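Take a slow walk through this fold with the structure open beside you.

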Amino acid sequence: FVKLREDVTGTENILEIATGTGLLSFEICKLVHHINAIDIAPEMIRIAQKKQAEMHALNIDFQVGDTSNLQFMDGSFDKVIASNVLHLLADPDEALSEISRVLKPEGKAFLITFCHGENIRSRLLSRFMELSGFKARNRWTTKSYAAFIQATGFDIQTMEILPGKIPLVYIIAGKTNIR
């Protein structure tokens, strides 16, 4: 969270997709002007809204929403955060197209994801997780994930790999407008 907090401080308008119960939005809400936070699961949004009322975090707008069909105007956001979600989507290309659409021309996308295909250990762990019901639909390596991001119309400005059993890749990207 430390890096993300630094990178979003002072931002006017942020969209967080796949917010879940709002953990990330609550972490950064005092550092930014406004956050729209969506999740496809109504129960997750209900929990986030309950937590929001308890915390009096008035600058977050939680709502049910689909990452692949964002209900926002073109160029609405300074920054879009997609943390720990792209590897779960059946069509991450469509999600990135929507992220690009709602970003302002000079906006930044935070495309943070686990690379389940990085090495034999991460692939085995990912398969084991699938047996317990957690399915990573996209098992990228760090290199193939970066190539995917670039192929979908983004220019990678920052890329950090956080080691772990399944490495986490922290990418900040801007639009290249090649789409």
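A residue counts as buried when its relative accessible area is under 20%. Phe77 has a relative accessible area of 2%, so Phe77 is buried. Keep that cut-off in mind, because "buried" here means under 20%. One more thing before we go on: this is a predicted model.

Now look at strand S4, residues 77-83. How many of the 7 residues of strand S4 are buried? The count is 6 of the 7, so strand S4 is largely enclosed by the rest of the structure.

What surrounds this strand? Start with its partners in the sheet. Strands of a sheet pair through backbone hydrogen bonds, either parallel or antiparallel. Strand S1, residues 13-17, pairs with S4 in the parallel sense, over 4 bridges. Find Leu15, and you will see that Leu15 stands opposite Val80 in S4. Strand S5, residues 103-114, also pairs with S4. These two strands run parallel, and 6 bridges join them. Lys79 stands opposite Lys108 in S5, and Ile81 stands opposite Phe110 in S5.

How does the chain get from S4 to S5? Follow the backbone.

In what order do the 7 strands of the open sheet stand? The order is S3-S2-S1-S4-S5-S7-S6. The pairing across the sheet is mixed. Strand S3 (60-64) and strand S6 (154-162) stand at the edges. Each has a single partner strand, so one side of each is left without a neighbour in the sheet. The sheet also twists: from one strand to the next, the twist averages 15°.

Helices pack against these strands. H4 touches S1, S4, S5, S6 and strand S7 (168-175) as it packs on the sheet. The direction of H4 makes about 145° with that of S5. Helix H3, residues 42-55, lies across strand S2 (34-39) and S3. H3 runs at about 160° to S3.

Next, turn to the charged side chains. The structure holds 10 salt bridges. Begin in helix H1, residues 2-8, where Lys3 and Asp7 both lie. They sit 4 residues apart, about one turn of the helix. Lys3 forms a salt bridge with Asp7, and the closest N and O atoms are 3.1 Å apart. Is Lys3 buried, partly exposed or exposed? Its relative accessible area is 27%, so Lys3 is partly exposed.

The side chains of Glu27 and Arg5 meet in a salt bridge, 3.1 Å from N to O. Glu27 lies in helix H2 (residues 23-28) and Arg5 in helix H1, so the pair ties together parts that are 22 residues apart in sequence. Glu27 is partly exposed at a relative accessible area of 28%, and Arg5 is partly exposed at 29%.

Helix H5, residues 120-131, gives another example. Arg127 and Glu130 both lie in this helix, 3 residues apart. Arg127 forms a salt bridge with Glu130, with the closest N and O atoms 3.6 Å apart. Arg127 counts as partly exposed at 48% relative accessibility. Glu130 is partly exposed too, with a relative accessible area of 26%. The pair belongs to a network. Salt bridges that share partners join Arg127, Glu130, Lys135 and Arg139.

Last come the aromatic rings. A pair of aromatic rings is described by the distance of the centres and the angle of the planes. The structure holds 5 aromatic pairs. In one of them, the rings of Phe72 and Phe77 have their centres 5.0 Å apart. Their planes stand at 85°, so the pair is edge-to-face. Phe72 has a relative accessible area of 16%, so Phe72 is buried.

Phe110 and Tyr170 make another edge-to-face pair, because their planes stand at 75°. Their ring centres are 6.3 Å apart. This pair links distant parts of the chain: Phe110 is in strand S5 and Tyr170 in strand S7, 60 residues apart. Both Phe110 and Tyr170 are buried. Finally, find Trp140, Tyr145 and Phe148, which form one aromatic cluster.

Key
Residues numbered from 1 in each chain as written. Predicted model: local features only at pLDDT ≥ 70, side-chain atom pairs only at ≥ 80, totals over all residues. Heavy atoms only, no water. Buried < 20%, exposed > 50% of the residue type's maximum accessible area, 1.4 Å probe, protein only. Pairing = 2+ DSSP bridges. Axes fitted to C-alpha atoms, helices over the stretch in contact; angles between N-to-C directions. Contact = heavy atoms within 4.5 Å. Salt bridge = Lys/Arg side-chain N within 4 Å of Asp/Glu carboxyl O. Phe/Tyr/Trp six-rings, centres within 6.5 Å; stacked < 30°, edge-to-face > 60°.
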